[in-house]
Amino acid sequence: MNAVNQEANKAVIVGAGPAGLTAAYELARHGERVVVLESDSEYVGGISRTVHYHGYRFDIGGHRFFSKSREVEDLWTEILGADMLQRPRSSKIYYGGRFYAYPLKPFEALSKLGIFESVLCVLSFAAARLHPTRNPQSLEDWVVNQFGRRLFRIFFKTYTEKVWGLSCKEISAEWAAQRIKGLSLGTAIKNALLPNKSSNDRTNVVKTLIDTFRYPRLGPGMMWEACAKKVRSMGGEVLLGRSVVSCRFDEASNGWAIKASTSDARIEEFRGEHLISSMPIRQLVKQIEPTLPENTLRAGNALRYREFLTVGLILRERNRFQDNWIYIHDPSVRVGRVQNYKSWSPEMVPDPNYCCYGLEYFCFEGDGLWSKPDAELIALAKNELEQIQLAVAADVIDGCVIRQRKAYPVYDDGYKRHVQIIREALETHCRNLHLVGRNGMHKYNNQDHAMMTALLAARNVLAGEQKYDVWAVNEDGEYHESGEAGEQAANDGIKVAATPAGS
Ligand SMILES: Cc1cc2nc3c(=O)[nH]c(=O)nc-3n(C[C@H](O)[C@H](O)[C@H](O)COP(=O)(O)OP(=O)(O)OC[C@H]3O[C@@H](n4cnc5c(N)ncnc54)[C@H](O)[C@@H]3O)c2cc1C
């Protein structure tokens, strides 16, 4: 074993995604010594990285930078300044051979569906309003209550089941309430008919409908590369190609000893007073020494994830579509969404005569799709792109495949109980351990939330006490609040989302 980092750090941070780097940035700017360990040997940014292929840039999913927290927005500006673009949002749904504007424009949608289907949709909406499912538990019940069963089948069911690989009956209503919160048919109609509200009015925007967003000139990875550079310039270390394999709390030194394996199979040890972890909880609980109780290990093993792969295609530019992305609700193809990266930022392509698309497939690690050879996936994507009328296969000149493990923490029936068991065990058995971020807390959230949890954890480290309850940061921070409290939260940014412990 090669002990490279004998000196104790204020914190060892696992993961150089948005959460890990935000924590490092906050601690480093307060003069604390930190080391960030990242398993990827090439990129920082985690799921928010930008992959390069022959000068073309691919985002893992298309990352809008939008937060109701002024503090997070300001942090993005502080890190990237003028490299942050304000971009228009344009997206569509493909279903049954037709493209529908998304957010849905009710009159356009009804005219494309045809008079017969439209009448059935309106009747089923009326039926759902008259006889809603009381206390909806599943995503299906929640959406049917909001939109009616027929619209649910057309505009929610297939896509959601592609994403999760689960029936909408098995997915918790909480997911729907969080991700499409505030979006009722009434809101959709109002948004379709009334002029757009300024998207700068952050207190009142329904998240799913935001019509502009910020985006780094060279993709989201640019933000995290710049952040890592700033951490290093303040004396912090960001080490790539270091996969953390064990985390031991050492009573003698009252600190953490973290082992990481390097890309060339050496083991290095790092020491820190605190451990801030953004690695998936399932991994972390197995790594902690002394070993956690059996029921905690079982709870960790029970947490599930959904994987994501992008087939990146480079094509001759024929201006077939200018949207940022198109949801593919059509059940005749496996692709779930198509990204057009040049619409996110023109600098995502090195040559304006070409464009690059990302065909997104949702899968489980080890299933047929995940383990298909790249050449077969590229052939599948080319065929499907032609089938949904977005290009002719002959225009595709090159392609690559980007696999993302654990892209989505799954909210199944048991996840809350399992996370609770783990939290209690960690609080009982582990001192100075801070869980942050998306998989780090098993919370299905965006960058802004991941960053907020990291900022608060860093502030707890600086304060030397649990000043903030990081778990009280809601999946959507202020978005989760409603009514007066919600507006207050949106105005106050961190204050309400970040409830001080015990209050
Ligand atoms: C398809 C898709 C679209 C999205 N769109 C948006 C969007 O539009 N806007 C938005 O704000 N957010 C979006 N997100 C969410 C965003 O990607 C995440 O919220 C964010 O990346 C979470 O940051 P994190 O640091 O918590 O986790 P991650 O990004 O997952 O980073 C964790 C890091 O830890 C590293 N790691 C894991 N285990 C170890 C280990 N044992 N040792 C060392 N390193 C380890 C990983 O390699 C990774 O780099 C999207 C996500 C997906 C999947």
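Is Asp395 buried or exposed, and what is its relative accessible area? Asp395 is buried, at a relative accessible area of 8%, where buried means under 20%, exposed over 50% and partly exposed in between (1.4 Å probe, protein chains only). The model is predicted, so local features need pLDDT of at least 70 and side-chain atom pairs count only at pLDDT 80 or more, while totals for chains, interfaces and linings use all residues. Residues are numbered from 1 along each chain as its sequence is written, and side-chain values use heavy atoms, with hydrogens and water left out.

Side chains of opposite charge can pair when their charged atoms come close. A salt bridge is taken here as a side-chain nitrogen of Lys or Arg within 4 Å of a carboxyl oxygen of Asp or Glu, and 30 salt bridges are counted by this rule. One of them joins Asp395 to Arg316, with 3.9 Å between the closest N and O atoms. This pair links distant parts of the chain, 79 residues apart: Arg316 belongs to strand S14 (residues 305-316), and Asp395 to the loop between helix H14 (374-387) and strand S18 (396-409). Helices (H or I, at least four residues) and strands (E, at least two) are DSSP runs, numbered from the N terminus. Arg316 is partly exposed, at 32%.

A second pair sits within helix H3 (residues 106-113): Glu108 and Lys112 are four residues apart, and therefore separated by about one helical turn. Their closest N and O atoms are 3.4 Å apart. Glu108 is partly exposed at 24% relative accessibility, and Lys112 is partly exposed at 28%.
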